Amino acid sequence: NPRTIGFWKHQVGVATGGNGSAQVNATTLCSYLDLIEDHFNSNLINQVIVYQPPLSGICSDKLQVAKTLLNLVGSQTMLARAKQQLMALLVNIAAGYISQAEVISADGATVSQAVTYCDNLIDNPSGSHELAKTIADQINNNQQVAAGVIPLSTEDIRYKVGRYEKE
């Protein structure tokens, strides 16, 4: 079961010195960020670059980047909110809380297709950032996406380091 945006905000918040108890420690969170960098940022078919790791490579710096993406303050653009939800979805995948192969729509679209479609919407200046936010938010909240929302023609990429596999 995927975790909500609130769960990931809290985990990163605690890992960066905030109050509360974390269920996921800082080292584990950094390993998830490393997986996102390796599996999504480096994909040869469709790079999904929401999280941009710091040059330092230091775990605390990685967590600060993640915190900036997840903890939006004040009035934000729909693009920022779409990236926030997609980031949470990528962390859910890296943590193993949801599989890329899982069917998440009434007509059979997979998590992988949702990631690709949301990324395409975010990267397109005239794309529907609100739709990208909504799709990722629904998946993060373990809700089914309606039929027809994610085009079934979207490539079903299994994001892996330097290569891909299609369904």
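In this predicted model, Ala26, Leu29, Cys30, Leu33 and Asp34 of helix α2 meet Cys59, Lys62, Leu63 and Ala66 of helix α3. The two helices, α2 and α3, pack at an angle of about 70°, and their axes lie 10 Å apart. Because angles of 65 to 115 degrees count as roughly perpendicular, α2 is described as roughly perpendicular to α3. Sorted by class, the residues of this contact of α2 with α3 are seven nonpolar, no polar and two charged.

**The contact of α2 with α4**

- Helix α2, which covers residues 26-41, also packs with helix α4, which covers residues 78-95, and here the angle is about 100° while the axes are 9 Å apart.
- That angle makes α2 roughly perpendicular to α4, since the range for this description runs from 65 to 115 degrees.
- On the α2 side the contact is made by Tyr32, Leu33, Leu35, Ile36 and Phe40, and on the α4 side by Met87, Leu90, Val91, Ile93, Ala94 and Ala95.
- When these residues are sorted by class, the contact of α2 with α4 has 11 nonpolar residues, with no polar and no charged ones.
- Leu33 is named in the contact of α2 with α3, and Leu33 is also named in the contact of α2 with α4.
- As background for reading such lists, an α-helix has 3.6 residues a turn, so residues three or four places apart point the same way.

**The chain as a whole**

- The protein chain has six helices and zero strands, and its elements, read from the N terminus on, run α-α-α-α-α-α.
- A compact globule of 167 residues would have a radius of gyration near 15 Å, and the protein chain, with 15 Å, agrees with that expectation.
- The C-alpha trace of the protein chain spans about 45 × 35 × 30 Å along its principal axes.
- Of the 167 residues in the protein chain, 43% are buried, and the chain exposes about 7,800 Å², of which carbon and sulfur atoms supply 48%.
- Among the contacts in the protein chain with a separation of 6 or more, 63% are accounted for by residues 24 or more positions apart.

**Helix α1 and the residue that follows**

- Helix α1, which covers residues 5-15, has as its buried residues Ile5, Phe7, Trp8, Gln11, Val12, Gly13 and Val14.
- These buried residues of α1 pack against α2, α3 (59-70) and α4.
- After α1 comes Gly17, a residue whose phi is positive, near 105°.

- Ala88 is found in helix α4, and with a relative accessible area of 0% Ala88 is buried, because buried means under 20%.
- Although Ala88 and Asn140 are 52 residues apart along the chain, their C-alpha atoms are separated by 7.2 Å.
- Thr116 lies in helix α5, which covers residues 111-123, and at 4% relative accessibility Thr116 counts as buried.
- Leaving aside its neighbours within four places in sequence, Thr116 is in contact with Asn46, Thr154, Glu155, Ile157 and Tyr159.

- Glu102 and Ser112 are 10 residues apart in sequence, while in space they are 8.1 Å apart, taken from C-alpha to C-alpha.
- Apart from residues up to four places away in sequence, Glu102 touches Ala109, Thr110 and Val111.
- Asn142 is found in the segment after α6 (129-140), and at 45% relative accessibility Asn142 counts as partly exposed.
- Asn142 has a positive phi of about 60° although Asn142 is not a glycine, whereas the positive phi near 105° after α1 belongs to Gly17.

Definitions and conventions
Residues are numbered from 1 along each chain as its sequence is written. This is a predicted model: local features need pLDDT of at least 70, side-chain atom pairs count only at pLDDT 80 or more; totals for chains, interfaces and linings use all residues. Side-chain values use heavy atoms; hydrogens and water are left out. Axes are lines fitted to C-alpha atoms, for helices over the stretch in contact, and angles run from 0 to 180 degrees between N-to-C directions. Helices (H or I, at least four residues) and strands (E, at least two) are DSSP runs, numbered from the N terminus. Angles under 35 degrees count as roughly parallel, over 145 as roughly antiparallel, 65 to 115 as roughly perpendicular and the rest as oblique. Contact means heavy atoms within 4.5 Å. Ala, Val, Leu, Ile, Met, Phe, Trp, Tyr, Cys and Pro count as nonpolar, Asp, Glu, Lys and Arg as charged, and the others, Gly among them, as polar. Buried means under 20% relative accessible area, exposed over 50%, partly exposed in between (1.4 Å probe, protein chains only). The radius of gyration is taken over C-alpha atoms; the globule rule is 2.2 Å times the number of residues to the power 0.38. Accessible areas come from the Shrake-Rupley method with a 1.4 Å probe; for residues, only the protein chains shown count as cover.
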